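Here is a short note for someone opening this entry for the first time. Please keep the structure in view while reading.

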Amino acid sequence: MPKLLQTLSFAAALSVSACASASRSASFGAATPASPPPVQREFRGVWVASVANIDWPSRPGLSTAEQQDELVRLMDRAAEMRLNAIILQVRPAADALYASPYEPWSDYLTGQMGKAPEPFYDPLAFAVQEAHRRGLELHAWFNPYRAHHPSATGPIAATHVSRTRPDLVRAYGKALWLDPGEKDVQDLSVRVILDVVRRYDIDGVHIDDYFYPYPETDSAGNRIDFPDEQSWSKYVAGGGTLSRGDWRRHNVDVFVERLNRGIHGVKPWVKFGVSPFGVWRPGSPPQIAGFDAYDRIYADSRKWLREGWVDYWTPQLYWQISRGDLSYPVLLRWWSEQNVKRRHLWPGLFTSRTIDTTQTLWPASEIAAQVFVTRGQAGATGHVHFSMKAFLQPRDSLVERLSSDAYAEPALVPETPWLRGRAPGTPVARLWHDSVPNVIRVGVQFPRKRPAALWTIRARYGAAWVTEIVPGWATEHPLPSREGAVPDEVIVYGVDRTGRAGKPAHAEMRP
């Protein structure tokens, strides 16, 4: 892109950011007494990576108490910032950060593959409990094909797939990979993921951009092909007619579509999300250059979105607004145009570039601007930050900037109307003076057969409305202090696991 057009693109993006900020301020400010402003609907997620101990646990071999303390701390930070979803990596490399009947405990957790935490606890069950306690969604993040990562230095457990089924595993570069061309590999990964869907109260299943591995090169810089001759030969011998590249893409297509069906067959309300490389192919749209994920890792990601095989789409748009050949707003707009089934579009932001001193640091204002640019793009209703470390070790006032502006008000996750759900029943709501001076409490009771995953409080003081979002397990909640003033009006309603809102009820002051 010519320099002038880059400058204009950046200026336009900042203009969208400013308009979105003004719109947010207006929607959350004053409103007529009879018409409260709508509660913002926005997915505000963050990845919590366990591979190489990027985010959690901070290092292998921590005690159970230390692991839990770290997880609680990051959950608290997410809730304080008014995020509403955690995407926790639970299967980084054919291992498990939970009690799996199929795969060994991860050495990123205990420091030894196959060794359970001592004293025992189940990290995923604990994470779900702590997330839901704070009103956060918990999405379980899996890598379907990586079998061993070079950052894991301990011995491989006897129960690991590379020991029990070495015929399915390929050495490539410094890592081990499951061969996507082997049906038993697909069966294994689907079985592992659906086991988690059945046994844990997760809100979503998430897979990232690792399909066929990113290309390795030899000492001369030549690309090394993935060593799948065994599965390719079986395909050809069986009468297969696709080219090798098309066959590889087909293998991944089948897995994604099968996983989508399988998840919803077990629990219809659990969302399925994919986070592909942010560029489908160079030239799409015309100014975009760079890595060809379609050709190099055999990910026909646009097809999965256009077919509606996902509930949410999180392309990794890890570039700045002003970068012409990989422009954040240009790519976001293109992905929105491909979203013909109108699935959720929640792009991934490279928030860790604000703390990564091995590269050129980004200012916190870049991430804040990307949040507002996303709000200004039709069809985009949220975003996901990579990764949690950027919020635990922030610089440039990142947390304060987001908390005081972009996330100044809470947000509900957007509704997923194509998933089966049932709006909560109308609650009985009441108000009373707390024993603590100047505190008013609101209590709710939902019909037993139509409970709420979350409930929302709208409290009016004069012309100003205040919003609180409360976890469904809580039956009462304090209203924000207004110097002891009783709100003029309080409206309460519930929301189910798919984001469906129930009918509102007015809360009356208890005598």
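This is a predicted model: local features need pLDDT of at least 70, side-chain atom pairs count only at pLDDT 80 or more; totals for chains, interfaces and linings use all residues.

1. Next, the make-up. The protein chain holds 14 helices and 22 strands.

2. Then the overall dimensions. The C-alpha trace spans about 80 × 60 × 45 Å along its principal axes. The radius of gyration is 24 Å, and a compact globule of 511 residues would have one near 24 Å, so the two agree.

3. How much of the chain is buried? Of the 511 residues, 57% are buried. That term stands for under 20% relative accessible area. The protein chain still exposes about 20,500 Å², and carbon and sulfur atoms supply 52% of that area.

4. Take the contacts with a separation of 6 or more: 72% of them join residues 24 or more positions apart.

5. On charge, the protein chain has 59 positive and 54 negative charges. Their mean positions lie 4 Å apart.

6. Now look at strand β2, residues 85-91. Is it mostly covered or uncovered? Mostly covered: seven of its seven residues are buried.

7. Strand β2 has a partner in strand β1, residues 43-48. The two pair in the parallel sense, over four bridges. Which residue of β2 stands opposite tryptophan 47? That residue is isoleucine 87.

How values were computed. Residues are numbered from 1 along each chain as its sequence is written. Side-chain values use heavy atoms; hydrogens and water are left out. The radius of gyration is taken over C-alpha atoms; the globule rule is 2.2 Å times the number of residues to the power 0.38. Buried means under 20% relative accessible area, exposed over 50%, partly exposed in between (1.4 Å probe, protein chains only). Contact means heavy atoms within 4.5 Å. Accessible areas come from the Shrake-Rupley method with a 1.4 Å probe; for residues, only the protein chains shown count as cover. Lys and Arg count as positive and Asp and Glu as negative; His and the chain ends are not counted. The place of a charge is taken as NZ of Lys, CZ of Arg, CG of Asp or CD of Glu. Two strands pair if DSSP finds at least two bridges between them.
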